Amino acid sequence: MNANRKILFIVALMLIGLAVATITNVALNFRDYGYNNAIEKSKMTAEIVRDGLTAHMVNGMMDKREFFLSNIANIKDVQKLWIVRSDNVVKQHGEGLENEHPRDAIDRKVLKEGSIVREIREDSQNAMLRVTIPYIASAYGNPNCLSCHNAKEGDVLGVISMEFNINDIRQTGAMTIAKIFAINVVFIVIALWVTNHYFKPYMKLFENLQNGIKRARTGDFSFRFTTTLKDAGSEVADQMNTLFQKMEDTFGGIKHNLNTFASRSNISSNDPLSTAGVIIQELSDVYKFKKTIEHDANKDAVYGRFIFVLKEKFHFEHFALYEVDKTTKERKLIHITDHKSFCLPTADKDTYECRAYRTDSDVYSTDFPNICANCADDKEYSCIPFNINDDLALILSYSAKDVATIEAMNLALPSIRNYFEAAKAVIESRSLMDKLRDSSLRDGATGLYNRRFLEEFIDKSAEQAMRSHISYAVLMIDIDYFKMINDTYGHDAGDIVIKSLSEILVQTIRKADLPVRYGGEEFLVLLHNTTPEGALSVAEKIRTVFNEKRFQFGNDTVQKTLSIGIAHFPTQADSIWKVIKFADIALYEGKHTGRNRVIEFEERMFSGGDQF
């Protein structure tokens, strides 16, 4: 039901209610008025009869009273009239006429109690009013009743009973009510017509506004308002049309500008306004994320922010983030939510075993059974590659127990990509800074870390090594008679020898160990958590392999040897720098005792006092 019909319905109900109340009130008042009028008429008739009978008695004409009473009974609307003598009057004056006896219980009741009784008798055709009025003896009346009757003050001398036809009253009332009803019907019709005529344009404008606002809630501002009104309603329609035109132009531009972002967002609403609100909120969140990571010192801190977003914003419970070096084809685990890997060991060792990296495309377990042979098959999973540049990529892997959960997680990918795009430039910048810094910490000729890196490493790790009870064995390595190579065959030949030694060091030691070009032809190796026997074994292997190396310079075949000094932290000193000094002392001990040998530091070799 529209608003116009509702208003007409409400107005009609109110008018009908008013009409019913009016008719009811008139009917009740008219009925009361008719009955009261009949009662007054009965009282008057009773007085006339009493006075007439008194006159007959005084004039000695009581035997003529029947004619008088019959004439009274012929009065209009009087159906019946009779009088009844009381027992006292009967004793004094006799039985009276034949019909002057009590006819029913009402007569007897009034004779006994002396009170007026009124009774209405109605059926579908007739309405009768029965009134029975007592005559009470009184010495104060005119005439004095006690002068003629042997009675006391207040005795009932008799009663007069009358029946009045009140059909005319009922019919007149019915006609009156019918006329009032007709008048009310006409009034209601006119009122409804007037209401509809004057209110309908406003209701149409209201419905027009309602429809326009409904469409506006879904982002459609193309609706235009129309009205036949010439007053303030017309101004409202014009103002709303102007407002909708401005909103259509404004939001149309916003929608167009946000379309590129919306295509990469997790938006499920068809409402452009809701879509715009979600996108703007996400833009704000991504912007805050980007502003935050721009001030992070390194890419590891950026990765930490990205991991925080995955956990707190997208509620990922089991996921892993990998960094892939495209140059070396190495995959580095940045983070995993638990210790259970997503991939089989082969994928961790060989990057090309990772389907997401090899195909540079998203991998979804829901696309095909066992789509990636190197992923665990007890869960649903997704692996998403993110390319940073030609040298670096990230791989995000996440899993769930069932298809519904993983598909819900997949819906967040467009938004996750927005965060990744925001982080991409920062990661690339920090990666470049790391490379620049790494290049400043590496020796250009050998690719090994240089002395500057060693200083930073020792400053950061010394206290942790003491707390964690980490031990180091320091190998100080020097090429015997290296200057002769440069002098005889040139510096290019010397570089070949230097690079050869660096390669042997990398091939011989573990990944946890640290080889450093200490300066010139001198190298240092930090062996992590090794025993004295293990350190001696590694040193001997380095010396032996290098000694077996043959260098061809022109027509000459050259063989070189090494001198190596060994010292241990923390068993021989509580400072790594002390241990390096002790290893250097052991190295020169080897130089002085014949070269081409490995010498372990002994306390007797150091006589310079505690200078560290």
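Asn529 is partly exposed, because its relative accessible area is 40%; buried means under 20% relative accessible area, exposed over 50%, and partly exposed in between, with a 1.4 Å probe and protein chains only. Asn529 sits in the loop between β12 (522-528) and α16 (532-548). Helices here are DSSP runs of H or I with at least four residues, strands are runs of E with at least two, and both are numbered from the N terminus. The phi angle of Asn529 is near 50 degrees, a positive value in a residue that is not glycine.

Asn596 also has a positive phi, about 50 degrees, and is not a glycine. Its loop runs between α17 and β16 (597-600). With a relative accessible area of 26%, Asn596 is partly exposed.

## How the model was read

This is a predicted model, in which local features need pLDDT of at least 70 and side-chain atom pairs count only at pLDDT 80 or more, while totals for chains, interfaces and linings use all residues. Residues are numbered from 1 along each chain as its sequence is written, and side-chain values use heavy atoms, with hydrogens and water left out.

## Ser563 and its surroundings

Ser563 belongs to strand β15 (residues 562-569). Its relative accessible area is 0%, so Ser563 is buried. The side chain of Ser563 makes a polar contact with the side chain of Asp480 at 2.7 Å. A polar contact is a pair of N or O atoms within 3.5 Å; within protein, one must be able to donate a hydrogen and the other to accept it, and residues adjacent in sequence count only if both atoms are side-chain atoms.

Beyond its neighbours within four places in sequence, Ser563 is in contact with several residues, including Met476, Asp480, Leu587 and Asn596. Contact means heavy atoms within 4.5 Å.

The peptide bond joining Phe569 and Pro570 is cis, with omega about 5 degrees.

## Thr446 in its loop

Thr446 lies in the loop between α12 (413-440) and α13 (451-467). Thr446 counts as buried because its relative accessibility is 17%. Its side chain makes a polar contact with the side chain of Asp443 at 2.7 Å. A polar atom of the Thr446 side chain also lies 3.2 Å from the backbone nitrogen of Leu448.

Leaving out residues up to four places away in sequence, Thr446 touches Ile498, Lys499, Ser502, Arg517 and Phe523.

## Helices α14 and α15

Helix α14 (residues 482-489) packs against helix α15 (residues 491-508) at an angle of about 140 degrees, and the axes are 6 Å apart. Axes are lines fitted to C-alpha atoms, for helices over the stretch in contact, and angles run from 0 to 180 degrees between N-to-C directions. The two helices are therefore oblique to each other: angles under 35 degrees count as roughly parallel, over 145 as roughly antiparallel, 65 to 115 as roughly perpendicular, and the rest as oblique.

From α14, Phe482, Ile485, Asn486 and Tyr489 meet His491, Ala493, Gly494, Val497 and Ile498 of α15. These residues divide into 6 nonpolar, 3 polar and no charged. Ala, Val, Leu, Ile, Met, Phe, Trp, Tyr, Cys and Pro count as nonpolar, Asp, Glu, Lys and Arg as charged, and the others, Gly among them, as polar.
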